[in-house]
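Please keep the structure open while going through them.

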Amino acid sequence: MEAAPASAGDVERCHAPSYVSSLATIDHPVWLDADTVASETSHEAALLAAGAATEAARRGGFALVRPPGHHALPDRAMGFCLFDNVAIAARYAQAELGLGRIAIVDWDVHHGNGTEEIFRDDPSVLFVSLHQWPFYPGSGGPDDQGETTLNVPLPAGCGDDEYLEAFAGTVEPAVRAFGPDLVLVSAGFDAHVEDPLAGMRVTAEGFRELARRTASLGPRCAAVLEGGYDVRTLPGLVAAALEGFTSA
């Protein structure tokens, strides 16, 4: 699936115009935070990633993008992320596709703090995150909840059984009760047992089942790639998730 870059208007539904324009002026490699580097091509890459996410929302696809997005805050980069791709896709779906209620389900191993901040006070967007805790970025603990914010922190060492139990007991009832017109997935694969940046034990079959169950939660579903840092296993994990999304 090819996609055009997101427009400034698409991005500015989620990010401060001054921040968006500041990325466009970068003309040499710079560190935006302790983890996030940008260069003269990063603004274009981030617009392409956001554009692919909006196209995925329109078509019901899976946007395989870099840079990822769910740590990007409204006014700054964070954790490898420049623009919050899934948040931009959600706002695009509301503004351009006429979809009122959006559920974002984030099963990256890290808490999607940027997405949460963007939608914290918005009753039209439900944000749900399953993630390792305590862990980077330090947010998303058991007391971090809201009317349309649901965090499901899990201890290190959890695998397929624990993830699917949490999904069935907590995530699925919340999303179904919300009644979304569209489910967007922040599909991170860094909870995989062989991923070097975390401590979870999810398998390819676990991701396949998470994708299948997530896709069944609304009349439309699309996904955006987040983390996943073992390049040997990532293609197979994405393929497993695609099988799950299409079998729901």
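1. In H8, the residues Leu234, Leu237, Val238, Ala240, Ala241, Gly244 and Phe245 are buried, where buried means under 20% relative accessible area, exposed over 50% and partly exposed in between, with a 1.4 Å probe and protein chains only. Seen down the axis of H8, these buried residues fall within an arc of 160°, so they line one face of the helix; the arc is that of the directions from the helix axis to the C-beta atoms. Pro235 and Thr246 are exposed on the face of H8 turned away from the buried side.

2. This is a predicted model, in which local features need pLDDT of at least 70 and side-chain atom pairs count only at pLDDT 80 or more, while totals for chains, interfaces and linings use all residues. Residues are numbered from 1 along each chain as its sequence is written, and side-chain values use heavy atoms, with hydrogens and water left out.

3. The cover over the buried residues of H8 includes strand E3 (62-63), strand E7 (182-187), helix H7 (204-215) and strand E8 (221-225); helices (H or I, at least four residues) and strands (E, at least two) are DSSP runs, numbered from the N terminus.

4. Aspartate 108 sits in the loop between strand E4 (102-106) and helix H5 (113-119). Aspartate 108 is buried yet has no salt bridge, the nearest side chain of opposite charge being arginine 66, 7.5 Å away; a salt bridge is a side-chain nitrogen of Lys or Arg within 4 Å of a carboxyl oxygen of Asp or Glu. A polar atom of the aspartate 108 side chain lies 2.8 Å from the backbone nitrogen of histidine 110.

Note on methods
Lys, Arg positive; Asp, Glu negative; His and termini not counted. Polar contact = N/O pair within 3.5 Å; in protein donor to acceptor, adjacent residues only side chain to side chain. Contact = heavy atoms within 4.5 Å.
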